[in-house]
Amino acid sequence: MKQIVCLSVAFLLINVIYGQRSQQKFEFVNFSKVAITDNFWKPKIDKVASVTLAACIYQTEVATPRIRNFEKVARKQGEKHEGIYYDDSDVYKALEAMAYALKTHPDSALEKKADEWIDKIAAAQLPDGYLNTYYTLGDINKRWTDVEKHEDYCAGHLIEAAVAYYNTTGKRKLLDVAIRFADHIDSTMRVANKKWFSGHEEIELALVKLYKTTNNDRYLKLADWYLAQRGHQYYSYGKNWITPEYWQDALAVKKQSEITGHAVRAMYLYTGAADVAAITGDKDYMNVMEKVWEDVVYRNMYITGGIGTGGTAEAFSVDYDLPNENAYCETCASVGMVLWNQRMCELTGESKFIDVLERSLYNGSLAGLSLSGDRFFYDNPLASNGQHKRREWFGTACCPSNIARLVTSVGNYIYGKSEDGIWVNLFVGSNAGFQFGKTNVKVNMQTDYPWNGNVKFNIDLAKRTKFKLNLRIPGWANGEPVPGDLYKFLNYKTSPVTIKINGKDVRYSISNGYAVIEREWKKDDVVEYAIPMNTSYIVAGSQVKYDAGRIAIQRGPILYCIEGADNNNEVWNIITPTSTVFTPENKSILTEPVVALKGEALSAKPSGDGNSVIMEKRNITAIPYYAWANRGVNDMQVWLPVKITDVKISYQSIYKDGGNY
Ligand SMILES: [Zn+2]
């Protein structure tokens, strides 16, 4: 305890010396303090800990040469690097997911495997701290000469894994490896004033984690240095899609106002900028990010919370260019949306960021992981004619371990605390225990969310304490599916949320999208929070030509789709007039219990002679979008036509077989 107090004082002193004050309105409670107990996330976390991680480990060390590259460096026998230059990052990201899983699912065999990997990684580090198997097995003299080779990106994932593994196990070996590498990078880059920037952002946010773990401000300065390196266009690149905009290098970060380029890179950049701004109080980053965030959410986001339009560049397109069949929506990009929006909410205390986070988490991200836990999507389209098949792995395998680390640490996004309040952002059955001021708080949350909007909390305090309880009112429960005008509910009837404490209705104020109850809380107080959960239609803004004359269906935070497996494999001829009434019904998709929506719609078929179209009434079933493509290849649509004139009869895809990454 004494040591912790000393560290806190030291941390405070460092912040005072460098004029840094936390700019956060509140901070999220770490997942390690939150035991998830519900029927939605807990089975998913269990499955990732067992099945998904086993798949990642098999692919990383058996089926592909990723681990073997590290072994080759240690053998020093002049063997060649195999695979792609950024493959080291997949090892680190799998290790990070293993570290999170070990926190909630102690497993000596898994920990032994992680230690084995860490020994191999440490053995591949050069005496000067450099660590990258592509250059160490190749031409070491060419290291740090090509920003596209992802050296900083791989270093960032190494740092994140090292911090995660240290936090779970207390073992320092990987952390010390990461520190030596970070010191090498700092000397080579910032101290030497090298003209350099990270070709794929990631190291910025990782260095902030390293700073928070070590209290060494060298890493914070290096993170800030990396942010300041953008916009100088130090490197032009031969490939035609790699423009300065592609890697957010056209303008200095502090001058940016529009989202550009590669979607995952952009998300990691702004997450890192938010992390730095939270500590340094740099308002310029905050001003920029609010503008860029609006550009994403108001003009460039899919209704799934996914981002990025198809194509080699995996990038944002022009405003409102959101094709459904060719949506790129990389799983990693949705994970990045979760990360960035979490930071934006911490900085502003505004719930609109959690509205986007929730949409990306429950829809765009979760769709990337099969219900079986061992198949993955890289791109997540909003319509398919059956060419999209989940895969065991990818040549570029960033997505599997990314969704694994997100699911295993989903407890990070639920509770928050500030000096004067406790915040509930997501509704997930769980037991949380954390320090709040001078007292300990235990919160037990019970709910069947996302299928039901009733949430019950038991609050257990060591002593009576006055504070504000901030309960997020989801935007979708307030008539707004997303902030801005890109998507709107059609004829949405709102009814207010209700809150009871110890069985009695209470009045609450509303602040920044949260219902706020300020009182002196005591042991065993019970809060019942009811969020009305209706089935609603969503329409897109008229600028989105792909969604014209179409509706999407949402219930609670869950976006729905029509899949062939539930609809006689006839998806593309369905018409859903806006009068269609959907009724919730419990259903199982494989072993996944979901609420499906059933309704009577229309289908269009050619007459026997082929000269006319026959409209027929037809029962249809909509399922949660995240659960699609788990019963073989299937046709699927999210946006459904409301009139026969909008039925699409031809289908084109840029992908021959669901994206060959
Ligand atoms: Zn990815």
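A residue counts as buried under 20% relative accessible area, as exposed over 50%, and as partly exposed in between, with a 1.4 Å probe and protein chains only. At 44% relative accessibility, Asn512 therefore counts as partly exposed. The model is predicted, so local features need pLDDT of at least 70 and side-chain atom pairs count only at pLDDT 80 or more, while totals for chains, interfaces and linings use all residues. Residues are numbered from 1 along each chain as its sequence is written, and side-chain values use heavy atoms, with hydrogens and water left out.

Asn512 lies in the loop between strand 13 (509-511) and strand 14 (514-521). Helices (H or I, at least four residues) and strands (E, at least two) are DSSP runs, numbered from the N terminus. Asn512 has a positive phi of about 50° although it is not a glycine. Most residues other than glycine have a negative phi, and most peptide bonds are trans. Gln248 is another non-glycine residue with a positive phi, here of about 55°. Gln248 sits in the loop between helix 10 and helix 11 (263-280), and it is buried because its relative accessible area is 1%. The loop between strand 7 (439-447) and strand 8 (454-461) holds Pro450. The peptide bond joining Tyr449 and Pro450 is cis, with omega about 10°.

Helix 2 (residues 41-63) and helix 3 (residues 66-75) pack at an angle of about 45°, with their axes 5 Å apart. Axes are lines fitted to C-alpha atoms, for helices over the stretch in contact, and angles run from 0 to 180 degrees between N-to-C directions. Angles under 35 degrees count as roughly parallel, over 145 as roughly antiparallel, 65 to 115 as roughly perpendicular, and the rest as oblique. Helix 2 and helix 3 are therefore oblique to each other. Thr60, Glu61 and Val62 of helix 2 make the contact with Arg66, Ile67 and Arg68 of helix 3, where contact means heavy atoms within 4.5 Å. By class, this contact of helix 2 with helix 3 has two nonpolar, one polar and three charged residues. In this scheme Ala, Val, Leu, Ile, Met, Phe, Trp, Tyr, Cys and Pro count as nonpolar, Asp, Glu, Lys and Arg as charged, and the others, Gly among them, as polar.

In helix 3, the buried residues are Arg66, Ile67, Asn69, Phe70, Lys72 and Val73. Their cover includes helix 2, helix 4 (88-104), helix 5 (108-123) and helix 6 (133-136). Just after helix 3, Lys76 takes a positive phi of about 55°.

Glu160 counts as buried because its relative accessibility is 3%. Apart from neighbours within four places in sequence, Glu160 is in contact with Glu96, Glu202, Leu205, Ala206, Lys209 and Arg405. Glu160 and Thr145 are 15 residues apart along the chain, and their C-alpha atoms are separated by 24 Å.

The next pair is helix 8 (residues 173-191) and helix 10 (residues 217-228), whose axes come within 10 Å and cross at roughly 50°. Residues of helix 8, namely Ile179, Ala182, Asp183, Ile185, Asp186, Ser187, Met189 and Arg190, meet Arg218, Tyr219, Lys221, Leu222, Trp225 and Tyr226 in helix 10. The contact of helix 8 with helix 10 has, by class, eight nonpolar, one polar and five charged residues.

Tyr211 lies in helix 9 (residues 203-214) and is buried because its relative accessible area is 0%. Tyr211 and Leu222 are 11 residues apart in sequence and 9.7 Å apart in space, C-alpha to C-alpha.

The expected span of a helix is 1.5 Å times one less than its number of residues. The 18 residues of helix 13 should therefore span 26 Å, and its end C-alpha atoms are 26 Å apart, which agrees. Helix 13 is mostly covered, with 18 of its 18 residues buried. Gln342 is in helix 13 and counts as buried because its relative accessibility is 8%. Beyond neighbours within four places in sequence, Gln342 is in contact with Phe28, Leu357, Asn412 and Tyr413. Just after helix 13, Gly349 takes a positive phi of about 70°.
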